[in-house]
Amino acid sequence: MGKVTGFMEFERLSEANLPVQDRVKNYKEFVLHLTDDQAKQQGARCMDCGIPFCTTGCPINNIIPDWNDLVYHQDWRNAIDVLHSTNNFPEFTGRICPAPCEAACTLNINNDPVGIKSIEHAIIDKAWENNWVTPQINPNKTGKKIAVVGSGPAGLAAAQQLARAGHSVTVLEKNDRIGGLLRYGIPDFKMEKSHIDRRMVQMEAEGVTFKVNQNVGENVSAAELERDYDAVVLAGGAEYPRDLPVPGRELDGVHFAMDFLTPNNKMVAGDTVPDQIKATGKHVIVIGGGDTGSDCVGTSNRHGALTITQFELMPQPPEKENKPLVWPNWPLKMRTSSSHEEGANRDWSITTKELIGENGKVKALKGARVEWKDGKMQEIPGSEFTIPADLVFLAMGFVAPVQKVLDAFGVEKDNRGNAKATTDGEGCYKTNKAKVFAAGDMRRGQSLVVWAIREGRQCAREVDAFLMGSSTLPR
């Protein structure tokens, strides 16, 4: 693979970021992809390890060693073909995926994995620059019609694969723009929405029809979709947020994270957003230590918040994982996002006891420190504290997809409220309804974009086989 001794000669090289003082002035992406020479050097570090754990660590099983080798040899044209063979949208994953492939890299045993994500980012950017991303139009149409409900990564991946199989595909999105949580859940400074727009152009040329403001259970009838289409794919996101049942939850200024992030994305897109939540000059508290909480931090920094504090109920993770114990699996360890680097106070093992208000508006948060023993949480006596809070964002994860969509179709649910559809054996991704399939967050619950793309691709294959008796689509 590449340069036989490359992994001994070259160190890992991370992508550069624009300075904090510059990037917080706007919502543009600030990560600079590798130059050709830098990408070549990273590709040279990919060793002939025999068993490519990176490929199995990647949910879509990207053929990583092959395109690392191609980049090392500067064969970018074939590199994008190999990358596209498993991943419909590497410009999404190359920007926002946490890169479980790198955690599984053999070199990660020494805490210095190949910069796989940065190479992926460089490949797809060069492909767009050179007009190598073109429609793949199937001239042999099947005459079958498929409706895809939801236009996030699972829905888009399923739609593109099915269109390439020759089917007529219509994507229905409840919002006013295509993209689902990619569009309205992820801030533009992490992924600008032009990446979605140009994929839409490609997919429309391939035969996909996009329809917005199509809300199943409200202005779209599930019965009509089942009647008018040969198959229906449910690919909506997990949008029901976890709530915080404490005194003061009803106060003005306490919001779910998406009530802050979605309107901000619309504002960035040029919309006029009445009563938009603004963090300018305010004390901001973010409850929840995951990606959504981090997005609230980054957005609040761009608003010009006075202070930003992020609380997490779980203990602070270790700075370094126990590699002999966890490798090649995804490790629990301390992770600091670019938003945290822009400015935020972070604290762990904190429980919220009360939100204190004045004239109906939140003014402070009363919390306490906790300790965990045998998986159980106990409050530490005498550890109560109060901190100013003008805005409190609840970012504690999502518990289920939109229930009214599943109910409209009469789809059976699992004990978490997700569509009940297996990925094993005959009838994969198929629900209890004859023509209705489910994929992505709708089936597995809140997860990563890369998992959504995998599920959309695999579901498309199952739909194709259901309609045609067999399928040539890749898994």
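## A sheet with a helix packed on it

The 20 residues of H20 (residues 449-468) should span 28 Å at 1.5 Å a residue, which agrees with the 28 Å between its end C-alpha atoms, the expected span being 1.5 Å times one less than the number of residues. Because 15 of the 20 residues of H20 are buried, the helix is largely enclosed by the rest of the structure; buried means under 20% relative accessible area, exposed over 50%, and partly exposed in between (1.4 Å probe, protein chains only). Just after H20, Gly469 takes a positive phi of about 90 degrees.

## How the model is read

Residues are numbered from 1 along each chain as its sequence is written. Since the model is predicted, local features need pLDDT of at least 70 and side-chain atom pairs count only at pLDDT 80 or more, while totals for chains, interfaces and linings use all residues, and side-chain values use heavy atoms, with hydrogens and water left out.

## Another sheet and its helices

Strands of a sheet pair through backbone hydrogen bonds, either parallel or antiparallel. Another open sheet has five strands in the order E8-E16-E9-E10-E11, with parallel pairing. At its edges stand strand E8 (254-256) and strand E11 (345-348), each with a single partner strand, so one side of each is left without a neighbour in the sheet. E8 and strand E16 (residues 391-394) run parallel and are joined by three bridges, and the bridge partner of Val254 in E16 is Val392.

Two helices can be described against these strands. Helix H14 (residues 257-268) lies across E8 and E16 and runs at about 70 degrees to E8, whereas H15 lies across strand E9 (283-287), strand E10 (307-312) and E16, running at about 175 degrees to E10.

## Thr299 in helix H15

Where does Thr299 lie? Thr299 is part of helix H15 (residues 291-303), and with 1% relative accessibility it counts as buried. Its side chain reaches the backbone oxygen of Asp295 at 2.9 Å. Not counting residues up to four places away in sequence, Thr299 touches Tyr27, Pro187, Phe189, Phe260, Leu261 and Asn264.

## An aromatic pair and a cis bond

A pair of aromatic rings is described by the distance of the centres and the angle of the planes. Rings of Phe, Tyr and Trp (its six-membered ring) pair if their centres lie within 6.5 Å, and planes under 30 degrees apart count as stacked, over 60 as edge-to-face and the rest as tilted; by this rule the count comes to five aromatic pairs. One of them is the edge-to-face pair of Phe53 and Trp327, at 4.8 Å centre to centre with 65 degrees between the planes. This pair links distant parts of the chain, 274 residues apart, with Phe53 in helix H4 (residues 53-57) and Trp327 in the loop between helix H16 (323-326) and helix H17 (338-341). Phe53 counts as partly exposed, at 26% relative accessibility.

Trp327 is also joined to Pro328 by a cis peptide bond, with omega about 5 degrees.

## Positive phi in two loops

Most residues other than glycine have a negative phi, and most peptide bonds are trans. Ala99, a residue other than glycine, has a positive phi near 65 degrees; Ala99 lies in the loop between helix H7 (90-96) and helix H8 (100-104) and counts as buried at 8% relative accessibility. Tyr429 likewise has a positive phi near 65 degrees, lies in the loop between helix H18 (403-409) and strand E18 (436-438), and is buried, with a relative accessible area of 2%.

Conventions. Helices (H or I, at least four residues) and strands (E, at least two) are DSSP runs, numbered from the N terminus. A polar contact is a pair of N or O atoms within 3.5 Å; within protein, one must be able to donate a hydrogen and the other to accept it, and residues adjacent in sequence count only if both atoms are side-chain atoms. Contact means heavy atoms within 4.5 Å. Two strands pair if DSSP finds at least two bridges between them. Axes are lines fitted to C-alpha atoms, for helices over the stretch in contact, and angles run from 0 to 180 degrees between N-to-C directions.
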